[in-house]
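Please walk through this model in the order of the paragraphs below, which begin with confidence and then turn to the fold and its packing.

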Amino acid sequence: MKKCNKKIIPINNIKILSLIKKYKSPLWMYSSETIKKQILKLKKFDIIRFAQKSCSNIHILKLMKRYGTKIDAVSLGEIERALKAGFKKNSNDIVYTSDIIEKNTLKKVIKYNIPINIGSIDMIKKIGKKSKNHKIWIRINPRFGHGHDKKTNTGGKNSKHGIWNTKLALKLIKKYNLNLIGLHMHIGSGVDYTHLKKVCNAMIQEAKKINLQLSYISAGGGLTIPYKKKDKKINIHDYYEIWNKARKKISKNLKCPIKLEIEPGRFLVAESGYLISTIESIKKVKNRIFILVNVGFNELIRPTLYGSYHYISILPQDNRKLNYSKMIDVIIGGPLCESGDIFTQKKNNKIYTIKIPKVKCGDFLIFHDVGAYGASMSSNYNSRPLIPEILIKKNKIIQIRRRQTIQEMLSLEI
């Protein structure tokens, strides 16, 4: 049984209630100040490149640009989003990262002159035949991986990501006269310092093998945030120093200056995000209590997909005081016609209960730390329209995505 520990929301209850009154529940809410603080924590790195797949709203991307980050895009749609947000083509603003490249995407990255972070041998051939001297990175699979879940492990023999045979990759890069500017290595989500040192050593060895002058190395992403009270915050200083030592060795070996990039997604946006829902039903099933809310895994899929934990708080509809001395054990579920539509479940799909004060239908339930892989992974499953996104910028409240209508959802089929 997991007991909820209090977390502070950067906006008071009255303002949240007024937000709900104006925009209706459910809705996403983000804090721009939290994002800014997270970016500043990484200021030692030469380049901070936001992995926009974690939170791809154009207004969030504009915030990233304002505070000096660059963009990692993993699809043609993400490239176009970045351009809409003000990031420039014909520059280092955007890097396209993938293990495949489709025809339309290839045309656009050539037209826009966007560097490509290559994850497969076939990509080298496709790019080489169409765009001589194109700027590229190699994403290296170091033959081992790590992650908070096997689905977030992006290295080793079971991972589809990255190039296994760098010797063959280098041969083809020379054949097609491509311009290799950087090496990228990312083995999965979650920082483990033993694995981190292994990754840095692997990067040093790969750079030695390649033995060409480079401009960049990328530490990838995977920086964690404390979802639970007992979770330790990552020591950014130590993380940077380990990578900086690797950068210095590579720079010395290759006899050229090297810039150190980091590619965070979750770290920059997770703690900024909240999902506000309404309690629609309180059900007793034998000796268990189910609290059913008006959001499902079509909005927040991480608990169902990964068994991920999100702290949950309660906001009474009438702003009454809750009695935290008398707690009840509950399971939190959504409205979808799926047994897996449960927010309190572990990686093995085992359901657990959390302790909350007594609530009523109509009260609001808030999921915390959902800024990463929340709205960006949401869907229309069960034909449910996408919900609005709200950005809090100091004293301003801005709607950055309006609620989708059922008519808009159906329009592609009519």
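Where pLDDT is low, the predicted coordinates should not be read in detail. For the protein chain the mean pLDDT is 92, with 93% of its residues reaching 70 or more, while residues 1-5 fall below 50 and have 17 contacts in the model beyond near neighbours in sequence. Because the model is predicted, local features need pLDDT of at least 70 and side-chain atom pairs count only at pLDDT 80 or more, whereas totals for chains, interfaces and linings use all residues. Residues are numbered from 1 along each chain as its sequence is written, and side-chain values use heavy atoms, with hydrogens and water left out.

The fold contains a barrel, closed by eight strands with parallel pairing in the order β3-β4-β5-β6-β7-β8-β9-β10; neighbouring strands of this sheet are turned by 30 degrees against each other on average, direction ignored. Strands (E, at least two residues) and helices (H or I, at least four) are DSSP runs numbered from the N terminus, and two strands pair if DSSP finds at least two bridges between them. Strand β5 (residues 94-98) runs parallel to strand β6 (residues 116-118) and is joined to it by three bridges, with Asn117 of β6 as the bridge partner of Thr97. Across β5 and β6 lies helix α6 (residues 121-130), running at about 140 degrees to β6, where axes are lines fitted to C-alpha atoms, for helices over the stretch in contact, and angles run from 0 to 180 degrees between N-to-C directions.

In the loop between α4 and β5 sits Asn92, which is buried, with a relative accessible area of 17% (buried means under 20%, exposed over 50%, partly exposed in between, with a 1.4 Å probe and protein chains only). Leaving aside its neighbours within four places in sequence, Asn92 is in contact with Ile47, Arg49, Lys70, Pro115, Tyr216 and Glu261.

The largest nonpolar core has 103 residues, and Trp243, Ile291 and Phe367 have the most contacts inside it; such a core is a set of buried Ala, Val, Leu, Ile, Met, Phe, Trp, Tyr and Cys residues joined through side-chain atoms within 4.5 Å. Apart from it lies another core, of 16 residues, among them Ile11, Tyr23, Met29 and Tyr274.

Note on methods: Contact means heavy atoms within 4.5 Å. pLDDT is the predictor's confidence in each residue, from 0 to 100.
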